[in-house]
Amino acid sequence: MMRVMLHRAFALVACLVIAACGEKDPPAPNPGNPADGIQVSGSERLGWSQQAADAIELAQFQYAVYIDNVRAALSGVNCGGPSGPSGFECSAALPPLSPGAHTLELVSFIAEPSGNLESARSAPLRVFMTGTRTSGSTSGSTTFITTAEGFNLSVELVTDGLQNPSDIAFTPDGTIFIAERGGIVRVIRNGTLLRDPALDVSAEIAMPHGGLLAVALDPKFNESGLMYALYAAAAPRDGLEFMLARFRGVADKFAERAILLVRVSASPDGASGALRVGADGKLYVALDSAADQVTAGSFGSFNGKVLRLNTDATTPDDQAGFTPIYSLDHPQPKALDWQPATGALWVIDGVDPSGGRLSAVTAQSTGPRRAAFRTAYTLPQGTGAASATFYRGDLISIFRGNLFVAAEVGRELMRMRFDPDTPTRITSVERLLTNEIGPVRVVAEGHDGALYLASDTSLYRVAP
């Protein structure tokens with residue numbers, strides 16, 4: 001595949017704080033001296049080197065191309081691998097061009113609430129389009145994507161007809177349970193969305209700020225039939241409160257509810273929480289701060305914390321201080337998962353509604369269980385992190401150990417790779433499916449090794 005390279009493209013300043021750097025636009029792109037009139041057919045990719053302090057800063061940059069002075073945003077930008085002497089190697093599909101000669105000029109920009117902070121244009125690249133472009137990226141209900149390594153994946157529609165999915169759970173026999181924010185758990189079997197819900201707690205949900213936030217299946221689900229659900233319901237007097245409940249399922253119906261945790265306030269501006277079962281068989285429950293930032297850092301409340309509980313909601317004997325509080329300072333938790341390489345618990349927080357925060361929480365190696373160390377990263381503005389999962393499977397081997405973040409606001413899937421020598425250090429961020437399937441609300445790995453993505457209304461399967 002031919003690559004139209006723009007060597008030494010633009011470098012954005014690492015510091016954009018006015019007090020430190022002054023109100024200064026990013027430096028102009030510098031592609032060097034590209035040849036005039038490169039012939040292209042439309043299947044090529046633009047390539048450039050992007051300077052950035054690290055992968056997190058790199059993820060803040062977006063790119064556009066001026067085609068004969070008409071601006072067009074570049075989507076599907078891949079900046080893969082560790083930074084080299086010239087920066088991170090980036091590429092994007094050549095934008096659609098009509099036959100004939102064209103002048104291309106690249107810019108980088110950062111989206112700010114007050115408007116885009118954009119670099120000057122690069123030196124021009126002149127190309128000659130020899131025919132009409134045919135992208136071939138979509139076929140029927142299947143979309144095709146290519147990773148930074150050149151690995152091809154299909155994104156196949158499994159089903160539509162969903163309403164604001166909030167979580168996904170898989171049974172060993174391939175059944176998929178889809179939690180919807182409105183309080184419904186739907187069933188997908190053999191690719192078919194069943195008409196009747198498996199669970200309906202919508203009568204207790206106070207929308208739009210409450211909702212069914214997360215579900216998790218018991219590790220021995222085939223034997224126990226147990227499912228755990230976390231939702232924000234209407235409080236008896238006023239406002240919202242969290243409810244952690246256990247249900248027993250028979251023939252695609254969940255009943256026999258047991259309330260495990262209740263009377264914990266939830267944020268009145270939009271409740272957030274997460275729920276997973278750890279490898280130790282314990283329940284890990286994350287609850288928002290109820291819009292009180294001070295509470296998140298205090299041991300006097302469960303709000304703004306990750307709790308570690310036995311499956312009957314009692315405190316484990318090995319928990320520090322005889323309290324279920326495992327980790328503090330999580331004001332708007334969205335997702336939980338454990339990094340395979342380290343065992344660290346990564347927590348996604350929607351600290352900024354349009355951005356987010358990643359925290360790697362490591363437990364004490366000896367003695368009572370409590371978080372002892374934390375590494376934190378700030379996600380770029382415009383991400384809107386809603387869900388996350390580490391990939392552990394074999395079906396897509398290049399993804400093993402990568403962290404995937406569903407960017408609801410950014411309308412894309414973010415892929416993060418780590419340094420093998422320092423596993424908590426992110427080395428690259430790749431954006432996939434930008435504006436292809438709409439807001440990405442949930443990402444999860446199925447038992448078949450595929451990645452499953454949920455948009456506002458549909459479920460997709462990502463596989464080779």
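Visitor: Which two strands form a hairpin with 2 residues between them, and which residue in the turn has a positive phi?

Guide: Strands here are DSSP runs of E with at least two residues, numbered from the N terminus, just as helices are runs of H or I with at least four residues. Strand 4 and strand 5 make the hairpin, with 2 residues between them. In the turn, Asp68 has a positive phi of about 55°. The model is predicted: local features need pLDDT of at least 70, side-chain atom pairs count only at pLDDT 80 or more, and totals for chains, interfaces and linings use all residues. Residues are numbered from 1 along each chain as its sequence is written, and side-chain values use heavy atoms, with hydrogens and water left out.

Visitor: In which sense do strand 4 and strand 5 pair, and over how many bridges?

Guide: Two strands count as paired if DSSP finds at least two bridges between them. Strand 5 covers residues 70-73, and its pairing with strand 4 is antiparallel, over 4 bridges. Ile67 has Val70 in strand 5 as its bridge partner. Strand 4 also pairs with strand 8, in the antiparallel sense, over 6 bridges. There, Gln62 has Phe109 of strand 8 as its bridge partner.

Visitor: How many of the 6 residues of strand 4 are buried?

Guide: Buried means under 20% relative accessible area, exposed means over 50%, and partly exposed lies in between (1.4 Å probe, protein chains only). In strand 4 (residues 62-67), 5 of the 6 residues are buried, so the strand is largely enclosed by the rest of the structure.

Visitor: With which residue does Glu105 form a salt bridge?

Guide: A salt bridge is a side-chain nitrogen of Lys or Arg within 4 Å of a carboxyl oxygen of Asp or Glu. The partner of Glu105 is Arg121, with the closest N and O atoms 3.2 Å apart. Glu105 lies in strand 8 (residues 100-112) and Arg121 in the loop between strand 9 (115-118) and strand 10 (125-129), so the pair ties together parts 16 residues apart in sequence. Glu105 counts as buried at 15% relative accessibility, while Arg121 is partly exposed at 33%.

Visitor: What does the salt bridge between Asp337 and Arg392 tie together?

Guide: The side chains of Asp337 and Arg392 meet at 3.0 Å, N to O. Asp337 is in strand 27 (residues 333-338) and Arg392 in the loop between strand 31 (385-390) and strand 32 (403-407), so the pair ties together parts that are 55 residues apart in sequence. Asp337 is buried, at 10% relative accessible area; Arg392 is partly exposed, at 38%.

Visitor: How many salt bridges does the structure hold?

Guide: The structure holds 22 salt bridges.
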